[in-house]
Amino acid sequence: MRRTILYVVFIIILIGGSILLWQHFDNKSNRYSDISMEYNAVPVKSMIIFRIPDVGDFYQKLEGNSHINKNFKKWIHSYLLPEDLKQLEDNGKEKSLSDIIKGKQIIISFNTEGKDNIGSLTIFSIRNKTEKKNLINFFNNYSKASGHQLYKKSYDRVDIYNCTLKNRTYYFAEKKGLFLISRYHLFIENAIRQIDTKGLQDQKDFKNLTSTVSNSCDMNLFIQNNISSVFINNFFSDKFRKATSSFINFSKWTELDLSFNDTDIKMGGFSISDNEDEKYIDLFKNQDSGRFMIDKVLPYRTGLFVCLNLSDLSSFQKKYNSFLEKKEKKTYYRQKTLLTNLDKYSRKKFLSEFCKIAGREFAMVYGTVTPGEPLSNRFFVVEVNNNSKAQELFLPLLERYAILNKNSLTQERILCKNIDGNNYYIYPFPESHFPELLFGKIFSATESNYMCFYKNYIIFSNYEKDLEKYISELKEGKTLSENDNFEKFNSQMSSRSCFYSYINTFESYYLKNYYLSENITEESGGDKNSIDNFYSLGWQFMPNSGACLNNAYLKYENDNQDNASLIWKIELDSTLEKKPQFVYNHTIEGNKEILIQDNKNNLYLIDQNGKKLWKKKLSGKIIGKIHQIDIYGNKKLQYLFNTKDQICLIDRTGKTVLPFPINLKYTATNEVSVFDYDNNRNFRFFIADEKHNINVFDDKGHKIKGWNCQKTKTQVKQPVQYHKIGKLDYIFFNDSENTYILDRQGRKRISTEPFKHSNNSLQFIPGKNPAIAITDIEGKIHLQYFNKKTKILDFGMDFSSNHTFLVNSAPNGESTNYWIKDSNKLYIYNEKEELIKKTLPDYFDLTPDVMKDQMVTGLCYPDKKVYLLNSFGTVISGFPLSGDTTPGVGSFTEGSSWTNIIIGNGCTLYNYRIK
């Protein structure tokens, strides 16, 4: 994948990664003004340093069950001590470790161990020899309890102890009142030597930085940028590491004060440059911070943006040019070449002219990130002072480019939209690397193959279609400034900055596949919630008294998690015939896929990433839903379904399983049902036909000879159902007047009274007294209990014969609600009274799906709008969505906290997800 987001995503994920590494413990001292003595032992080449002011306060804050606490606790024991300190209690007479270090400040530094490994060193002070004795006794007793011994050896007249706790080896020592712990013996030796030499506390830059730390935060984080590349490389993929290597030029030191609660983390602090060596933050020293206004033209579903707010672009460009010449010569010479090409088309010094018409804000933007289209929905947005002057600069350039392509600008431009009487055209642009040319690798992830003038902005894009869709959304007012969730998030950020980056993990989840290392991806992939629950992360900086002031904010949970987010979309050969259906992928445990048929009778299997695994032409349209069975008993599942003239069985590769298909003598009137009475794979396939027969086949395609069911009075259009209650089998179905309840041989088990049935399916109600529910044509609910008793529920409403009836029943049957939708009214009852009455838009299909044990209904309207309702009949936030099929509702991964909504719209299949 192409070069990517230099400092931004990178620092963003670095901060997120550092927070995940939060492994370390706690401390919140009330005050400290001088550099703490603990820094004496910190190696001068430490990449990352954590300071926790008070271990006790920190652990007390982590005692809650919020997602932040749960996820951060996983990382605490990765480097210093195993699991929660409060579990490390001494079984002897001595004090527990948590008692000994309670109230202490802890310093944790990260350093390289070997070529690429990273290890940590933990440092805290002790008051006297008694505390030292208590600590040694604790580790000795704990080692013995684990079946190990405590060893020691002398180094530079200091005893270094070796102990094993929970199958991990730790080394510890004490020198000059500083207690040192690490999993690496070499780190302890280095710290012992460091204490007697000049260290970080003697460096002016570091000393100045520590004087800025907050005394009221939960943790301080120090980053030594110019030697942190090894640490960074552990987070990012090989392809992205070249870009992240430039982070060493961002500043010399960065310090962040971290404060957290159950739902968010706030970070603030300074970055300082090296007076002897120019850093990236020096480019902003003479820039005035500005207000963030460009959200008015960013996509509503922005996954990521990087925005520069510059008061003097010309000054910035001069500094940046000098910076590249000194620091990144390859980029410098490449930039000169790109500018020469633009000067050729423009016939003037294009960059200097561009600086005259440019406004303050420049943003690289990702819309929703989809796995199948990694380069789509990427844009570069430029504010201009005057649209007319911008066109005077760009249009002649575009005209000459068109002429070189043996065309004219009028022929090459594409009318995108007419908005308020103004035509918006899309033009091919000659330089695809224009964003990178202006701002380097930080903007290199998007290309500028196409451009459009929109009000006082120029919008560039990789693809013409993406840009056309973008302009359409702007016309409809769908911008980030109208996104309530972003506005809540943005209210926590500073109102002014020179640099503002933002990542919404909900919209950009699949970026991890491109940027993060395999280890990080595997860890997050194993528990998607660990990433999903981080809603958004923002980072700003601005010049401040010769340094750089940072402000960052991590929102852990979205306040409104029901909003649907587009994950992917794919094109099919035709419009969709039926609702998408989730099916199990037997090759990956807990993984699901989608089966969908289009109106050309093509059946598709689509994986969770939106990839079409195969397409198979069928003889006709599938009736009802698709079943999965293991016909061979080898834990491989096949798909069973029927058309009007065949019962079909195909395997996961799309191949037909013999002896299927079973050709039907008469046209089928309902969907096939499959039963395995005794769970021994002795399958029975039930299907009704136009001659009023209920046919039963075995898995060889033969009719069952022992089935003696009489013809039904009218056609059966709903599927046959089966339940075992106690020791008895019940097979039941209905036609337009009768309910049939039979045994395995087709003999009547329960006699029922005829009445005019509605067109709805029989609904099974579980529980201690199970029943079948169905409505008549007037909407009265008829309950047929399996103890042969009956009941009629009449709520006094005159429903039409076209009403829709559903039952929402708890698995134990203790609570049952009855849904009746008639015209645009939705009624929800229990057995005693009306609970809810809702007015809905006219003309819709009401079909049930189960999501998190609640009824959710997909509503498909002639105006191509799809709704979802919760079990109380309330429209879920974020809906309606565009679509012309009833949605498939489910999750691609079992146990996921996210629900996927699969919707067809024309020939396109869309995958949205909600919390």
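Leaving aside its neighbours within four places in sequence, with which residues is Phe 362 in contact? In this predicted model, the partners of Phe 362 are Val 306, Cys 307, Leu 308, Leu 310, Leu 313, Phe 354, Phe 380, Val 381, Val 382, Phe 439 and Phe 443, once the neighbours within four places in sequence are set aside.

Phe 362 also belongs to the largest nonpolar core of the structure, which has 116 residues. Together with Phe 354, Phe 394 and Phe 439, Phe 362 is among the residues with the most contacts inside this core. The largest share of the core is contributed by helix H13, spanning residues 387–404, from which six residues come. Another core lies apart from this one and has 28 residues, including Cys 452, Tyr 454, Tyr 457 and Tyr 470.

Sorted by class, the contact of H11 with H13 has six nonpolar residues, one polar residue and one charged residue.

The strands can be considered next. Four strands form an open sheet in the order E23-E53-E52-E51, and their pairing is antiparallel. Strand E23, residues 565–571, and strand E51, residues 888–890, are the edge strands of this sheet, each of them pairing on one side only. From one strand to the next, the twist averages 20°. Between E23 and strand E53, which comprises residues 908–914, there are six bridges, and the two strands run antiparallel. Within this pairing, Ser 565 has Arg 913 in E53 as its bridge partner.

For the protein chain as a whole, the secondary structure amounts to 20 helices and 53 strands. Of the 915 residues in the protein chain, 58% are buried. When contacts in the protein chain with a separation of 6 or more are considered, 59% of them are accounted for by residues 24 or more positions apart.

Note on methods
Residues are numbered from 1 along each chain as its sequence is written. This is a predicted model: local features need pLDDT of at least 70, side-chain atom pairs count only at pLDDT 80 or more; totals for chains, interfaces and linings use all residues. Side-chain values use heavy atoms; hydrogens and water are left out. Two strands pair if DSSP finds at least two bridges between them. Axes are lines fitted to C-alpha atoms, for helices over the stretch in contact, and angles run from 0 to 180 degrees between N-to-C directions. A nonpolar core is a set of buried Ala, Val, Leu, Ile, Met, Phe, Trp, Tyr and Cys residues joined through side-chain atoms within 4.5 Å. Buried means under 20% relative accessible area, exposed over 50%, partly exposed in between (1.4 Å probe, protein chains only). Contact means heavy atoms within 4.5 Å. Ala, Val, Leu, Ile, Met, Phe, Trp, Tyr, Cys and Pro count as nonpolar, Asp, Glu, Lys and Arg as charged, and the others, Gly among them, as polar.
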